Amino acid sequence: MDEKKVMLSGIQPSGDLHLGNYLGAIKNWGARAEEFDCYYFMADMHTITVRQNPADLRRRTLEQLAQYIACGLDPEKNTLFIQSHVPAHAELGWVLNCYTMFGELSRMTQFKDKAAKHKDNINGGLFTYPALMAADILLYQPDYVPVGEDQKQHCELTRDVAQRFNHIYGDVFKIPEPYIPKAGARIMGLSAPESKMSKSMPEGCVFLMEKPEDIQRKFKRAVTDSDTERCVRYDPAAKPGVSNLMNIYAAVTGKTMPEIEAEFDGQGYGKFKPAVGDAVIECLRPIREEASRILQDKAYLESVYKAGAEKASYVANKTLRKVYKKIGFVAR
């Protein structure tokens, strides 16, 4: 039997997961395990380039892990771990700092963006984190790294650093390919349907762990459209608010746009918005309940991240030993 290709993805536990994350991406992740050997880690080391409240960071890291499992990432089929539990990330990160050029780092758009937002804390980690990100990836010799538009630059830098290292020392790193995930539903904010749903606009963002009554309140307040016909019709250009709600309803119920238009024919927004809220509440209910149950079972959650770190460390340390030997470090 052919070995599965390896895929790796790290996500910062910097905020709560929301409906856009789930319908746009996470919903499809569970099925990847049939095709790929998947590694998912909570990128807590990256999170501290911006000041964090320690208690919040711990809580969010564990909540995110529990939510991933509740969303269908089976720990028996996926390697789930916390970045800081695998010391090889920091160790290879330092080595790759020494093979990443200053000019390359200074061109990274995310550094410029974050430096502009956090002028009082432009630290070294904020500048050099792409070398740590390259280490995150290259440790596991993955074939694919899922990337959105905002991460393409990091993937390109990782490939450049890996090729530079291989050119000096021979075939050490596999050069990973970017993997453009199958697009899920593109979910826009309830309060600003021209922008993607984002935790930075909490009043228009539905969080996976939110109470049903709070979800329903947000849908009832959702921006619709100022046209006079007030009918449920799919037209993203003329009716962005209603079309976004229809996208959400379609994603959680499996219904087509014509079916939704027929279902709410002649009923107006007053009936439609609460119906979308109810459908979303029912879609998220099993995720919220399962994540809550997992968070209560601290022993189980600990067993997942410890087993994940053990497996990840075994793979990562093989790469690290090879790198250390190539650059001339004395074997431990």
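In this predicted model, helix 6 passes helix 7 in a right-handed crossing. The axes of helix 6, residues 109-117, and helix 7, residues 124-138, come within 10 Å and cross at roughly 160°. Because of that angle, helix 6 is roughly antiparallel to helix 7. On the helix 6 side, the residues taking part are Q110, F111, K114 and A115, and they meet L126, F127 and Y129 of helix 7. The residues of this contact between helix 6 and helix 7 divide into 5 nonpolar, 1 polar and 1 charged.

Helix 7 also packs with helix 4, residues 88-97, at an angle of about 125°, and the axes of these two helices lie 8 Å apart. That angle therefore makes helix 4 oblique to helix 7, and the crossing of helix 4 and helix 7 is right-handed. From helix 4, the residues H89, A90, L92, G93, L96 and N97 meet T128, A131, L132, A134, A135, D136 and L138 in helix 7. By kind, the residues in the contact of helix 4 with helix 7 divide into 8 nonpolar, 4 polar and 1 charged.

The two pairs are set out below.

| Helix pair | Angle between axes | Distance between axes |
|---|---|---|
| Helix 6 and helix 7 | roughly 160° | within 10 Å |
| Helix 4 and helix 7 | about 125° | 8 Å |

Most residues other than glycine have a negative phi. Q141, although it is not a glycine, has a positive phi of about 45°.

Conventions: Residues are numbered from 1 along each chain as its sequence is written. This is a predicted model: local features need pLDDT of at least 70, side-chain atom pairs count only at pLDDT 80 or more; totals for chains, interfaces and linings use all residues. Side-chain values use heavy atoms; hydrogens and water are left out. Axes are lines fitted to C-alpha atoms, for helices over the stretch in contact, and angles run from 0 to 180 degrees between N-to-C directions. Helices (H or I, at least four residues) and strands (E, at least two) are DSSP runs, numbered from the N terminus. Angles under 35 degrees count as roughly parallel, over 145 as roughly antiparallel, 65 to 115 as roughly perpendicular and the rest as oblique. A crossing is left-handed if the near helix is turned anticlockwise from the far one by less than a right angle, and right-handed if clockwise. Contact means heavy atoms within 4.5 Å. Ala, Val, Leu, Ile, Met, Phe, Trp, Tyr, Cys and Pro count as nonpolar, Asp, Glu, Lys and Arg as charged, and the others, Gly among them, as polar.
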